[in-house]
Amino acid sequence: MARITASVYTSHVPAIGAALDLGRTTEPYWQPLFAGYDFSKRWFAENRPDVVFLVYNDHATAFSLDLIPTFAIGTGERFQPADEGWGPRPVPTVIGHPDLASHIAHSVIQDDFDLTIVNKMDVDHGLTVPLSLMCGQPDPVRGAWPCTVIPFAVNVVQYPVPSGRRCFMLGQAIRRAVESYGPDLNVQIWGTGGMSHQLQGPRAGLINREWDNRFLDRLITDPDALSRTPHDDYVREAGSEGIELVMWLIARGAMADINGGAAPKVAHRFYHVPASNTAVGHLILENSK
Ligand code: DHB
Ligand code: FE
């Protein structure tokens, strides 16, 4: 049986990718940010999954106002790093897991969540920056990411966006789907985006440390109540792009305690301001073995 062994939560700021790609990680501005992921890279190497189910949002790269899927699952064999206007990031192609992805699509759709199935799409910084932060930077040509990845894109860009509650319940359906897959696979689920940030308008640059840290506390200890936070609260308190945090609730909903099991262990917690215009948050939660 496939199992969800851990969840990882991290911001996905594009400038972090640029700092990595341009070899600037030891500069004074970036060093404290990357130091927060030293543990994570060691942890990932020691707890390497077979598959990462990676919840992220597409930033008008694969999708546009022509087509706005609320939830889209990548069922393809491979996904190329997207050209977001300055060339694709120099990172390897993302290798999918079509069999597990198709199984999850079948199970979750029959469990009343209507997913869009995507066999072909490029993946932007929302997906590749978390991979770089957790896995390091493999050689773009000869190297490979250390595991397969199922991209799961959530619309948090164009309103209406899904509620935190629906995201949390979807995470529970994803857990049921993974656990009904026969082959013995170690699966991690990652939620990305956030934390507080607003990229445009009079409030551009908004950061709310107190709200962010309370979100981290509640995500660990009281995710059920947290999932009832209305989307207006995210936007008012954490900025227009703070709404990306609903994606963390998908990963949290897939953890054991939400589904009748034991509370997770907090393996790592990190918070840092600033990275570009964004507050960076990061958590690793492990299910008990
Ligand atoms: C920034 C952060 C994001 O999450 C994003 O998708 C784009 C830009 C930023 O802080 O610059
Ligand atoms: Fe984003």
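A residue counts as buried when its relative accessible area is under 20%. By that cut-off Ile284, at 0% relative accessibility, is buried. The model is predicted, and every value below is computed from it.

Leaving out residues up to four places away in sequence, Ile284 touches Ser7, Val8, Phe39, Ser40, Trp43, Met134, Lys265, Val266, Ala267 and His268. Ala153 lies elsewhere: its C-alpha atom is 20 Å from that of Ile284, and 131 residues separate the two along the chain.

Strand E10 belongs to an open sheet of eight strands. Their order is E6-E3-E7-E2-E8-E1-E10-E9, and the pairing is mixed. Strands E6 (116–118) and E9 (265–275) stand at the edges. Each has a single partner strand, so one side of each is left without a neighbour in the sheet. From one strand to the next, the twist averages 20 degrees.

Look now at E3 and E7. These strands run antiparallel and are joined by three bridges. Within this pairing, Ile73 stands opposite Phe152 in E7.

Together with Phe53 and Ile250, Phe152 is among the residues with the most contacts inside the largest nonpolar core, which has 55 residues. Helix H6, residues 164–179, gives the most to this core, with seven residues. A second, separate core has 25 residues, including Val52, Ala72, Met134 and Val149. In soluble globular proteins, nonpolar side chains tend to be buried together.

What does Ile250 contact, leaving aside its neighbours within four places in sequence? The list is Val55, Phe71, Phe152, Val154, Cys167, Leu170, Gly171, Ile174 and Ile189. Of these, Cys167, Leu170, Gly171 and Ile174 are also among the buried residues of H6. Other buried positions in H6 include Phe168, Gln172, Arg175 and Val178. H6 has 16 residues and reaches 23 Å from its first C-alpha to its last, close to the 22 Å expected at 1.5 Å a residue.

Helix H4, residues 98–110, lies across E2, E3, E6, E7 and strand E8 (186–192). H4 runs at about 150 degrees to E3. Its 13 residues should span 18 Å at 1.5 Å a residue, and the end C-alpha atoms are 18 Å apart, which agrees. Buried in H4 are Leu100, Ala101, Ile104, Ala105, Ser107 and Val108. The buried residues of this helix pack against E2, E3, E6, E7, H6 and E8. After H4 comes Asp112, whose phi is positive, near 80 degrees.

His12 lies in the loop between strand E1 (3–10) and helix H1 (14–21). His59 lies in the loop between strand E2 (51–56) and strand E3 (71–74). The pair therefore ties together parts that are 47 residues apart in sequence.

Are these two histidines buried or exposed? His12 is buried, with a relative accessible area of 3%. His59 counts as partly exposed, at 23% relative accessibility.

Conventions: Residues numbered from 1 in each chain as written. Chains lettered and ligands numbered in written order. Predicted model: local features only at pLDDT ≥ 70, side-chain atom pairs only at ≥ 80, totals over all residues. Heavy atoms only, no water. Core = buried A, V, L, I, M, F, W, Y, C linked by side-chain atoms within 4.5 Å. Buried < 20%, exposed > 50% of the residue type's maximum accessible area, 1.4 Å probe, protein only. Helix = DSSP H or I, 4+ residues; strand = E, 2+ residues; numbered from the N terminus. Contact = heavy atoms within 4.5 Å. Pairing = 2+ DSSP bridges. Axes fitted to C-alpha atoms, helices over the stretch in contact; angles between N-to-C directions. Expected span 1.5 Å × (residues − 1).
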